[in-house]
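Hi,

Here is the structure I promised to pass on. Have a look at it first, and then read my notes below.

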Protein chains: 2
Amino acid sequence: MELTTAEENYLKAIYHLSVEGKKSVSTNDIAAEIRTKPASVSDMLRKLGEKEVIQYRKYYGLQITPLGIQLALQTIRKHRLWEVFLVDKLNFAWDEVHEVAEQLEHIQSLLLIERLDAYLNYPKFDPHGDPIPDAFGDVRSRPRIALQEMEIDQSGQIVAVKDSSPAFLRYLDKVGAYIGARIKVLDKVEFDGSVEILVDQKKTLFMSKDVASNILVLTA
Amino acid sequence: MELTTAEENYLKAIYHLSVEGKKSVSTNDIAAEIRTKPASVSDMLRKLGEKEVIQYRKYYGLQITPLGIQLALQTIRKHRLWEVFLVDKLNFAWDEVHEVAEQLEHIQSLLLIERLDAYLNYPKFDPHGDPIPDAFGDVRSRPRIALQEMEIDQSGQIVAVKDSSPAFLRYLDKVGAYIGARIKVLDKVEFDGSVEILVDQKKTLFMSKDVASNILVLTA
DNA sequence: AAAATAAATTAGGTTAAACTAAAAAATAAT
DNA sequence: ATTATTTTTTAGTTTAACCTAATTTATTTT
Ligand SMILES: [Mn+2]
Ligand SMILES: [Mn+2]
Ligand SMILES: [Mn+2]
Ligand SMILES: [Mn+2]
């Protein structure tokens, strides 16, 4: 069973929206995620249904199948390994990798991805802190919460970002927030949900609710 | 000006057949090279003509333009750099790289290819001995002749292969011929054109005319 | 429960890239 | 110089992946 590039992109979007997000995924959600029109999505859902990577009843909704999950995870695995390669070996910044990985993830070669994995020393997380599925599709996920949901005085370590857009990542670079940083919540403002944190025991940082909710933390 | 993957493949084939080969390139030649039907080639030639990467007058023939050469060389550059990456970094054998490089060459990112070039230490030749064009499309080509055309007692160094098929490359591996090997022609058989050579001053090797004509040598 | 609104699908069209079969042009053979 | 052959192009289809506009189904509101 092989999927086209477009099919892989759709399936990946469906996986992200369903398995990692809410249970029910709408045609409009997928269209927004993939930046395409709902009519095109309907068309593709029928095709993915025929290929049995999703279970699809029109007007009712869809459910990704075990086969679909497995294939989606293989694409995600490739995407994240390439991101690690770009950052670790080619010195890309973490905000420069997504677009290129979006292309590289579709290269078809089992040997390539296994060799790449070995070459990178079997990394467990990508530059944005997202877990890299192994060759069998197993994902070791860490329990993590949004910084925005932490209590005052609670401390932890930044382990991932929810939003991987260049604008957001460059903002984090600018203020000095990074994956691996140890943080402690100093204050939370009731009024607008903004937070004040201490980074690496030396630098205090204010951030909006919007920013804080896109930073994922492993609490101690 | 951007080309699709199919257009890049056609243009690359046209470049190889015209610039590196004979002057006049037929529709059938291209069809054979790309493993497609002549009718499909005619269609594509019209499109490539409109994009001005070739000059095309139907029934008369085609000529690749300077713009076409430049674009073809960029694709060839990417192809060969990826081949070096696969062999040097991911331990691919030289007969395993072509198919994967055929896909990787179409990844679009200027940053990627410049960084890759730097990471590989600006290699000048790919694993098959073919020169890698630089970012400006300049190719440093060495004067090389087919082993088959060497005289008895003449010596030199294997610098490239004409045929990159896995079958041929694996045969060379088996008999112990490799790029960089110093050789000397011991004998040439008039009857069938086969040759006997001495490799690295220790091992003698017999090879058919067919094999010898696909090995390129830099004569001392 | 009917009407209004929102969401999803279908109908019909476009573009890229392939194909087969038929026609046209160029080349080779008599 | 015709005729025959080969090469190339055109005509007409197919498939994948998109689109807009129209229609159908589901959901909400009155
Ligand atoms: Mn992609
Ligand atoms: Mn990532
Ligand atoms: Mn290619
Ligand atoms: Mn090569």
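**The DNA contact and a metal site**

Of the atoms of DNA strand C that lie within 4 Å of the protein, 78% are sugar or phosphate atoms, and the rest belong to bases. Please keep in mind that this is a predicted model.

Around DNA strand C there are 20 residues, and those that come nearest are A:S42, A:Y56, A:K58, B:T4 and B:S40. By class, this surface has 10 nonpolar, 7 polar and 3 charged residues.

Some phosphate contacts are worth a look. In A:Y56, an N or O atom of the side chain is 2.2 Å from a phosphate oxygen of DNA strand C. The elements that give two or more residues to the surface are α2 (27-34) and α3 (38-50) of chain A, together with α1 (5-18) and α3 (38-50) of chain B. α3(B) gives the most, with 4 residues.

Now to the metal. The manganese ion (ligand 4) is coordinated by B:E83 (OE), B:D126 (OD) and B:H128 (ND1), at 2.2 to 2.4 Å. B:E83 sits in helix α4 (residues 66-88) of chain B, while B:D126 is in the loop between α6 (110-119) and β3 (145-146), so the pair links parts of the chain 43 residues apart. In sequence, the donor spacing reads E-x42-D-x1-H.

Are B:E83 and B:D126 buried or exposed? B:E83 counts as buried because its relative accessibility is 1%, and B:D126 is buried too, at 7%.

Best wishes

Key: Residues numbered from 1 in each chain as written. Chains lettered and ligands numbered in written order. Predicted model: local features only at pLDDT ≥ 70, side-chain atom pairs only at ≥ 80, totals over all residues. Heavy atoms only, no water. Donors = N, O, S within 2.8 Å, 3.2 Å for Na, K, Ca; no water. Buried < 20%, exposed > 50% of the residue type's maximum accessible area, 1.4 Å probe, protein only. Near = heavy atom within 4 Å. Polar contact = N/O pair within 3.5 Å; in protein donor to acceptor, adjacent residues only side chain to side chain. Nonpolar A, V, L, I, M, F, W, Y, C, P; charged D, E, K, R; others polar.
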